[in-house]
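Work through the exercises below with the sequence and the model open. Try each task before reading its solution.

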Amino acid sequence: MRVRKAVITAAAPNQNTLPLQRLVDGSGEEKTALQLIVEETLSAGVEEICVVIQPGDEDNYRKAAGGSLGNLQFVHQERPLGYADAILRAESFCGDDAFLHLVGDHLYLSATTKSCASQLIEMAEQHACPVSAVQSTREHRLPYFGIVAGASVPRFDGLYDVRTVVEKPTPTLAEQSLITPGLRSGYYLGYFGMHVLTPAVMECLHEVVDDKSMERPSLSDAMAKLPHRGKYLAYQLHGRRYNIGEQYGVLIAQLAIGLSGRDRDLLLTELVELLATRAEQPVTAGIEPSAESSSTEGSN
């Protein structure tokens, strides 16, 4: 199995502008989030990239792609029918090939010389099956990610044979059904926003989209079917994902990228100065309301 195609989904309502956000990369160059995601895919040997977008967004995305535009083609998700439907918009692009899938609201930062996408594709090609990147995720972040559970694969550090997949489980459900041996208490294997998918996954996506009992089915709903049909693995990459759709997400991602790059010392100096300035500011004591204002408040 060789992975030379990638699909980036960026059509979710209220999240379609996130890939257009501008950040500074590790070398100090200003780029859009879309450019950073595309560079991640190209670093792994991907040659063709399909971006799933909302109608009317193509001009903005073409501008945001910069010098990477030549590697991209765009397809539209005409109606907001959910994550599973969004991936299926790229079905004709994928054909019968395995492909790398990334989400448009995550940025990735490797802890090694190999990019996160390279690590994942190497594992998928070695095992010739669907593989999802995962990250050890604390319980309080369960509402943001699909969670998987399974058994460790012998002789492969951080590789798991997936048995269960649940989209954004409650803490109670996670504690009952999603414990993975070897992880610290209160931690689970959360999706990284990066997968290598195969035609078998496309079949599962069709099934959940055609299921009238499911409203806006997700990728997790489709992936939950895979353990019953063949080998499906999860791989704990050496790196971190940053969800720029969360509150302060862009800020946190920018800090992480900056602190791993050329301007680390500058950023550390600025952060220390900012923290010191905040610490020096006096705490303003509460001001007691006047008698007039007190009586007015009491009468409401």
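The model is predicted: local features need pLDDT of at least 70, side-chain atom pairs count only at pLDDT 80 or more, and totals for chains, interfaces and linings use all residues. Residues are numbered from 1 along each chain as its sequence is written, and side-chain values use heavy atoms, with hydrogens and water left out.

**Exercise 1. Cysteines**

Task: Find how many disulfides the whole structure holds, then examine Cys94 and Cys204.

Solution: 
1. Apply the cut-off: a disulfide is a pair of cysteine sulfur atoms within 2.5 Å.
2. The search of the whole structure gives 0 disulfides.
3. Cys94 is in none; its nearest cysteine sulfur, that of Cys50, is 6.9 Å away.
4. Cys204 has its closest cysteine sulfur in Cys129, at 13 Å, so the two are too far apart for a bond.
5. Check burial (buried is under 20% relative accessible area, exposed over 50%, partly exposed in between; 1.4 Å probe, protein chains only). Cys94 counts as buried because its relative accessibility is 1%. Cys204 is buried too, at 0%.

**Exercise 2. Aromatic pairs**

Task: Count the aromatic pairs and classify Tyr61 with Phe74 and Tyr108 with Phe192.

Solution: 
1. Rings of Phe, Tyr and Trp (its six-membered ring) pair if their centres lie within 6.5 Å; planes under 30 degrees apart are stacked, over 60 edge-to-face, the rest tilted.
2. The count is 3 aromatic pairs.
3. Tyr61 and Phe74 have ring centres 6.5 Å apart and planes at 75 degrees, so they are edge-to-face.
4. Tyr61 sits in helix α2 (residues 58–65) and Phe74 in strand β5 (residues 72–76), so the pair ties together parts 13 residues apart in sequence. Helices (H or I, at least four residues) and strands (E, at least two) are DSSP runs, numbered from the N terminus.
5. Both Tyr61 and Phe74 are buried.
6. Tyr108 and Phe192 have ring centres 5.5 Å apart and planes at 25 degrees, so they are stacked.
7. Tyr108 belongs to strand β7 (residues 106–110) and Phe192 to strand β11 (residues 187–197), so this pair ties together parts 84 residues apart in sequence.
8. Tyr108 and Phe192 are buried.

**Exercise 3. Annotated domain**

Task: Describe the span of residues 32–234.

Solution: 
1. UniProt, in an unreviewed entry, places "domain: Nucleotidyl transferase" at residues 32–234. Such annotations may be inferred rather than shown by experiment.
2. The end C-alpha atoms of this span lie 29 Å apart.
3. The span is 32% helix and 29% strand.
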